[in-house]
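Welcome, and please open the model in your viewer. We will walk through it one selection at a time.

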Amino acid sequence: MIGLFIAKVSDYTDEELKSEYFYQNDIVREHLDKKNQNGIKESLSALCLLRFGIKQAFGDTDYTLSYNQNGKPFMDKCFISLSHSGGYVACALSDKNIGMDIEVLKDIKKCDTYKFFTEKESIYINEDINLLSKRYLEIWTKKEAVLKFYSLRLCDCGKIDTLNLPKNLIVRTKWQDDLVISVCEEV
């Protein structure tokens with residue numbers, strides 16, 4: 001991985017977000033225009049962070065961004081993955097295909113089984129009631145990271161068993177304050 005960058009949406013002024021919008025090509029602006037106001041702000045914040053990460057990694061901010069048919073962003077300089085949650089944005093850059101997700105820690109209610117989760121994943125989540133929310137979000141971010149890696153849609157989430165991933169994938173998860181971040185890469 002080239003780099004993982006995290007910021008708060010509030011780190012960016014309305015003027016910076018507006019400038020970022022006009023810097024983008026028509027494809028990206030069209031993608032942004034389909035979102036609600038909050039989604040636009042989060043996505044523009046992620047694009048500002050992407051620009052920062054590209055500058056850090058490559059020394060310039062010249063790149064072309066687009067999206068595949070499932071909405072996965074891609075560019076000409078490197079592989080990327082973007083995510084946002086609860087006022088935070090994250091950007092992962094890599095020289096290989098990558099998927100990444102962040103989530104803000106929140107309370108999760110105990111269930112016997114969780115939608116989109118395998119039986120083993122549900123058992124793992126429920127093993128320790130004190131860790132239930134953390135384990136749920138750990139599994140969820142891993143699933144989303146794998147989805148983004150393969151450029152799948154959220155409806156494919158149930159097909160992913162994070163406790164039994166293909167041997168050629170590795171998903172690393174880390175906690176930073178009240179954020180959980182999972183990154184999926186090829187080994």
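## A first stop: the cysteines

Select Cys-155, which counts as exposed at 61% relative accessibility. Here buried means under 20% relative accessible area, exposed means over 50%, and partly exposed is in between, with a 1.4 Å probe and protein chains only. Before going further, note that this is a predicted model, where local features need pLDDT of at least 70, side-chain atom pairs count only at pLDDT 80 or more, and totals for chains, interfaces and linings use all residues. Residues are numbered from 1 along each chain as its sequence is written, and side-chain values use heavy atoms, with hydrogens and water left out.

Which cysteine sulfur is closest to that of Cys-155? It belongs to Cys-157, and at 9.5 Å it is too far for a bond. A disulfide is a covalent bond between the sulfur atoms of two cysteines; the cut-off used here is a pair of cysteine sulfur atoms within 2.5 Å. By this rule the count of disulfides is zero. Now click on Cys-78, which is in no disulfide either: the nearest cysteine sulfur, in Cys-91, is 7.6 Å away. Cys-78 is buried, with a relative accessible area of 9%.

Next, select residues 14-23, which form helix α1. Helices (H or I, at least four residues) and strands (E, at least two) are DSSP runs, numbered from the N terminus. Colour Leu-17, Glu-20 and Tyr-21, the buried residues of α1. They cover an arc of only 105 degrees around the axis, so they sit on the same side of α1. That arc is taken from the directions from the helix axis to the C-beta atoms. Turn to the other side of α1 and you will find Glu-15 and Phe-22 exposed. Helices α2 and α3 are among what covers the buried residues of α1.

## Three salt bridges to visit

How many salt bridges does a search of the whole structure find? The search gives 11, where a salt bridge is a side-chain nitrogen of Lys or Arg within 4 Å of a carboxyl oxygen of Asp or Glu.

- Show the side chains of Glu-20 and Arg-51, which meet in a salt bridge at 2.8 Å, N to O. Glu-20 lies in α1 and Arg-51 in helix α3 (residues 37-58), so this pair ties together parts that are 31 residues apart in sequence. Glu-20 is buried at 5% relative accessibility, and Arg-51 is buried at 13%.
- Move to Asp-60 and Lys-77, whose salt bridge spans 3.3 Å, N to O. Asp-60 is in the loop between α3 and β2 (65-67), while Lys-77 is in the loop between β3 (73-75) and β4 (79-85), 17 residues apart. Asp-60 is partly exposed at 29%, and Lys-77 is partly exposed at 28%.
- Finish with Lys-143 and Glu-121, joined by a salt bridge of 3.0 Å, N to O. Lys-143 belongs to helix α5 (residues 132-150) and Glu-121 to helix α4 (residues 119-126), 22 residues apart. Buried or exposed: what is Lys-143? Lys-143 is buried, at 0% relative accessible area, and Glu-121 is buried at 0% as well.

## The nonpolar cores

In soluble globular proteins, nonpolar side chains tend to be buried together. A nonpolar core here is a set of buried Ala, Val, Leu, Ile, Met, Phe, Trp, Tyr and Cys residues joined through side-chain atoms within 4.5 Å. Select Leu-47, Leu-50, Leu-65, Met-75 and Leu-93: they have the most contacts inside the largest core, which has 26 residues. Helix α3 gives the largest share of this core, eight residues.

Zoom in on Leu-47. Leaving aside neighbours within four places in sequence, Leu-47 is in contact (heavy atoms within 4.5 Å) with residues including Glu-20, Val-28, Leu-65 and Leu-82.

## Strand β6

For the last stop, select residues 98-104, strand β6. Seven of its seven residues are buried, so β6 is largely enclosed by the rest of the structure. Ile-98, Met-100, Ile-102 and Val-104 point one way, and Gly-99, Asp-101 and Glu-103 the other way. To see one place where they face each other, find Ile-102 opposite Ile-181 in β8.

Conventions: Two strands pair if DSSP finds at least two bridges between them.
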